[in-house]
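Open the model in a viewer and keep the sequence panel beside it. The stops below say what to select and what is found there.

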Amino acid sequence: MQTTGKAKEFRAGRKRQLFLRRLSPLLTILLLLLLWQAVADRQIIPRILVPPPADVYAAFTTALADGVLAKHTMTTLGEMMYGLLFGVGVGLVLGYAIAKAPLLEYVLSPIIVAFQSTPIVAYAPLLIIWFGTGPSSKVVTTAVIVFFPALVNAIVGIRSVSPPLRDLMRSLNAGPWRTFRLLELPAALPVILAGLKTSATLAVIGAVVGEFVGSGSGLGVLVIMARSQYNTPLVVVTVLTMTVIALSLYGLVALVEWRLLDWQRRAAS
Amino acid sequence: MRFSVENIEVNFPAPAGDLLPALGPISFEVADDQFVCLLGPSGCGKSTLIRVLAGLLPPSAGAAYCDGELIQHPLAGAAIMFQDTNLMPWRTVLDNIALPLEIAGMSRPERYRAVRKLLPQLNLENFELAYPAELSGGMAQRVSLGRVIVQQPRVWLLDEPFAALDALTREALSLELLRLRARSLQTIILVTHDINEAVLLADRVIVMSRRPGRLVADIPIDLPRPRLAEMIYQHEFLQLAKQIRGCIEDQRA
């Protein structure tokens, strides 16, 4: 196809816009860093409360060099991964079952809603008593907190499958497995992936809450240890590590979404 | 395939708890290879009747038979075209048309070969990788039609397939339907509320009453085939259309 000069110009303009949009979050971060440095330089707030970026960076390299950061990060990551696997797994399967058998919803919803609306921080100690101070109790806190978005989005996703398409599958004599693979799963996928994004960010909260309540290792423990030693830079480093983990996990799901939902982007453009 | 409809009634549960009669009782027969149009006002139960014939909905009373056998399950050898295009938005044109073959267990190269053979007849050869949202209404309906043809069905059950299209596109697609059918004969039952469409396409028009739809008239259309767009201006065509309109107006009075 021939592209005219005007169309090219238009496309270049759109590309520039897109580039600026991608750049803007980085600019925000840069601005915050500058502000932070300025506050530290002028000693507006004591160093012990807001350590300057340089101190935080020093704490970061130290923690990296002596392996403290890596060790605790690995613990937390492991707890999160297993927690996600169980929580999301059970959530999706149960969500599918509830979408198919509405009676189940009546039976289970009191328990599910109770679990969801009671603050996890409040009953985390119970989970520690039951599952011990090792990683398994954090796997449970994570699983409990990531379970709900997975469940709800699975229910909504499967229920949103269009009845005429169900008729089509029936008229083609598609069995339950083919109906699931060719209709229900792809139709529900956008909603399920949206839920997975929420679950991914919640996973960090689940693991860290568990670690706060009682644990020997993990980023939550590192925060408590650093605070008790008045090592504020290390506290900041640990918190930022959690942020990076949460963002990466979110990004990972977003990437999967981007790959799988090509058709939605094409339809929107 | 021939159909026999015997005193079929369909009632739907109404909000108040009682039953809302949606269709019938209605009885008629459809012979092998016949093209029958079900014509009636909207809400008269035409689509419900198609669902019964397809084996998707059990009637509340009466029975429908296909080749002498009671229809209880979705019919093998019957293909349905739904009111809206009813395509899967996440599948390309190629994969949408290939869906019935995939469900039948055909391998990917085999089913793509079968679909690609069909695309030129449907004027879709440059769109096999497009998604439904990227197609015009007429093109999407042709994809939907392709999904019917690829099954090589012995019965086509068409539920107002072109209702959402503008008049010109609709006429063009109706005639395309006749052309695509001509190669090997099948029984076709088409639901419509358009008198001209019914007369232009059918061997026989069954006029239905308002809800609950009953049989008002059963009119044979003995216009010569192949049918052409110009025929709608011919005297015989106009006579038939007028007769059908008369049947519809009689029951309004």
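## A hairpin in chain B

Begin with B:Val207, whose bridge partner in β10(B) is B:Ala217. Keep in mind that this is a predicted model. Now extend the selection to residues 204–208 of chain B, strand β9, and residues 215–220 of chain B, strand β10; the two run antiparallel and are joined by 5 bridges. Between β9(B) and β10(B) lie 6 residues, and the two strands form a hairpin.

## The four-stranded sheet of chain B

Stay in chain B and select β1, β2, β4 and β5. These make an open sheet of 4 strands in the order β2-β1-β4-β5, with antiparallel pairing. Which strands stand at the edges? They are β2 (19–30) and β5 (69–70) of chain B; each has a single partner strand, so one side of each is left without a neighbour in the sheet.

Pick B:Tyr65 and look across to B:Leu70 in β5(B), its bridge partner. Next show helix α1 (residues 46–53) of chain B, which packs on the sheet and touches β1 (3–13), β2 and β4 of chain B. The direction of α1(B) makes about 120° with that of β1(B).

## Domains and a helix pair in chain A

Move to chain A and colour residues 1–44 as domain 1 and residues 53–268 as domain 2. The centres of these two domains, taken over C-alpha atoms, are separated by 31 Å.

Within chain A, select helix α5 (residues 120–131) and helix α6 (residues 135–159): their axes come within 9 Å and cross at roughly 145°. The crossing of α5(A) and α6(A) is right-handed. On the α5(A) side, show A:Ile120, A:Ala124, A:Leu127, A:Ile128 and A:Phe131; on the α6(A) side, the contact residues include A:Val140, A:Val144 and A:Ile145. Which classes make up this contact? There are 8 nonpolar and 3 polar residues, and no charged residues.

## Where the chains meet

Finish with both chains shown: 14 residues of chain A are in contact with 16 residues of chain B. On chain A, select α7 (163–171), α8 (176–213) and α11 (262–268), the elements that give two or more residues to the side touching chain B. Of these, α7(A) gives the most, with 6 residues. Coloured by class, this side of chain A has 8 nonpolar, 2 polar and 4 charged residues.

Note on methods. Residues numbered from 1 in each chain as written. Chains lettered and ligands numbered in written order. Predicted model: local features only at pLDDT ≥ 70, side-chain atom pairs only at ≥ 80, totals over all residues. Domains from an automatic or database assignment. Pairing = 2+ DSSP bridges. Axes fitted to C-alpha atoms, helices over the stretch in contact; angles between N-to-C directions. Left-handed = near helix turned anticlockwise from the far one by under 90°. Contact = placed C-beta atoms within 7 Å. Nonpolar A, V, L, I, M, F, W, Y, C, P; charged D, E, K, R; others polar.
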